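Here are my notes on the model, point by point. Please read them with the structure open.

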Amino acid sequence: MNTSTKAGLRVGILGAGAMGKQHLDSWRKLGAEIAGVYARDLDRDRAAAAPYGCPVYNSVDELLSKVEIADNCLPTFLHQATLKQAAQAGRHIVCEKPLALLSSEGEAIFRDCDAAKVRIFIAMVVRFFPVYRAVWEKVRKGELGQVKEITLKRVVSPPPPKDSWFLDDRLSGGVLCDLMIHDIDYAMWLAGEMKTVTARREGEGQSQYGYITLEHAGGAISKIEGGWVASPAGLRTTIDIAGSGERLQIVPGGPVPFADLPDTDPYVAQLQHFQDSLASGAPFLVTREEVLHVMRVVAAARESAESGRTVVLEPIQA
């Protein structure tokens, strides 16, 4: 398959909910040819696709026959089946997080992609936000000294009040999985694999709030807080990293301790990265090993919240 981005590879979007619309807009900004959208809700998805002038299909296979890239923005519980279809059709894949609810499902997805010789990129968009990337660079260069404690917070408006798959933990994994996976991934990106996971969740359905404490194998402690909270401010995040030499804090409305951060749209940046890596054969910034490790920690957090006990993770075998 031709993987040159200059050749104008056609993109198909699977799903046109909130993330599907975000990806549609991001591909348009990149100048990609959007060949169509797969619709679970024809009326809603036709309305979402109308500004882009692309057709809407009610068959995954029909859409896959029109494209070279499948961008999966469907609900998490549909990922394994639809990604297998995309891989068997020979389509390279972008997939919104979480890849799946279980590590075993994630491993099966990667096996399907390997068997079909297609590449899959998991869209962990927080890594592409300029501030988060700048903090990571600072930590990677050792400018804070040895990382001792990481505190991360993420609150966002709740999912729709009814008929939403987000509200069924069996389908979405709840707030500990669907929302807080971003900060679990980021904490691991900063400080490496985990040794123990302790989590607590309050509320249910549309109103959920979670607390996760992670003990990293290297000794750092991460404390993550997040929830679906009604707020006119929308998404609000906090980063607080204490190192042996310096502490770095970034809070809503506060100063950002970086000069000349690029005014980059992270959703566009991650798709540009996908295109560039596809064309060059370079590794993706988000590796499959990292994705599977994060899924393991998410599962442990859900187990800990359910049982009320700390979960001890076995060391990852090299």
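1. In which sense do strands β7 and β10 pair, and over how many bridges? The model is predicted. In it, β7 (residues 147-156) and β10 (residues 221-228) run in the parallel sense, paired over eight bridges.

2. Tyrosine 211 has glutamate 225 of β10 as its bridge partner. β9 and β10 form a hairpin with four residues between the strands. Glycine 219 in this hairpin has a positive phi, near 110°.

3. Next, the core. The largest nonpolar core counts 95 residues. Those with the most contacts inside it are Trp27, Leu99, Ile120, Val135, Tyr186, Ile212 and Ile241. Helix α11 (residues 288-307) is its biggest contributor, giving eight residues. In soluble globular proteins, nonpolar side chains tend to be buried together.

4. Look at tyrosine 186 in more detail. Beyond residues up to four places away in sequence, tyrosine 186 touches Val126, Tyr132, Val135, Trp136 and Leu152. Val135 is itself among the core residues with the most contacts.

5. Is helix α9 (residues 181-191) enclosed or open? Ten of its eleven residues are buried, so α9 is largely enclosed by the rest of the structure. The buried set includes Asp183, Asp185, His182, Tyr186 and Trp189. Glycine 192 follows the helix, with a positive phi near 90°.

6. Arginine 127 deserves a check. It sits in the loop between β6 (120-123) and α6 (130-140). Is arginine 127 buried or exposed? Arginine 127 is buried, because its relative accessible area is 1%, against a cut-off of under 20%. Leaving out neighbours within four places in sequence, its contacts are Arg133, Asp185, Trp189, Leu285, Val286 and Glu290. Of these, Asp185 and Trp189 are buried residues of α9.

7. Last, a helix pair. The axes of α4 (residues 79-88) and α5 (residues 103-116) come within 8 Å and cross at roughly 10°. The two helices are therefore roughly parallel. From α4, the contact involves Gln80, Leu83, Lys84, Ala87 and Gln88. From α5, it involves Glu105, Ala108, Ile109, Asp112, Cys113 and Ala116. By type, the residues of this contact are six nonpolar, two polar and three charged.

Definitions and conventions:
Residues are numbered from 1 along each chain as its sequence is written. This is a predicted model: local features need pLDDT of at least 70, side-chain atom pairs count only at pLDDT 80 or more; totals for chains, interfaces and linings use all residues. Side-chain values use heavy atoms; hydrogens and water are left out. Buried means under 20% relative accessible area, exposed over 50%, partly exposed in between (1.4 Å probe, protein chains only). Contact means heavy atoms within 4.5 Å. A nonpolar core is a set of buried Ala, Val, Leu, Ile, Met, Phe, Trp, Tyr and Cys residues joined through side-chain atoms within 4.5 Å. Axes are lines fitted to C-alpha atoms, for helices over the stretch in contact, and angles run from 0 to 180 degrees between N-to-C directions. Angles under 35 degrees count as roughly parallel, over 145 as roughly antiparallel, 65 to 115 as roughly perpendicular and the rest as oblique. Ala, Val, Leu, Ile, Met, Phe, Trp, Tyr, Cys and Pro count as nonpolar, Asp, Glu, Lys and Arg as charged, and the others, Gly among them, as polar. Two strands pair if DSSP finds at least two bridges between them.
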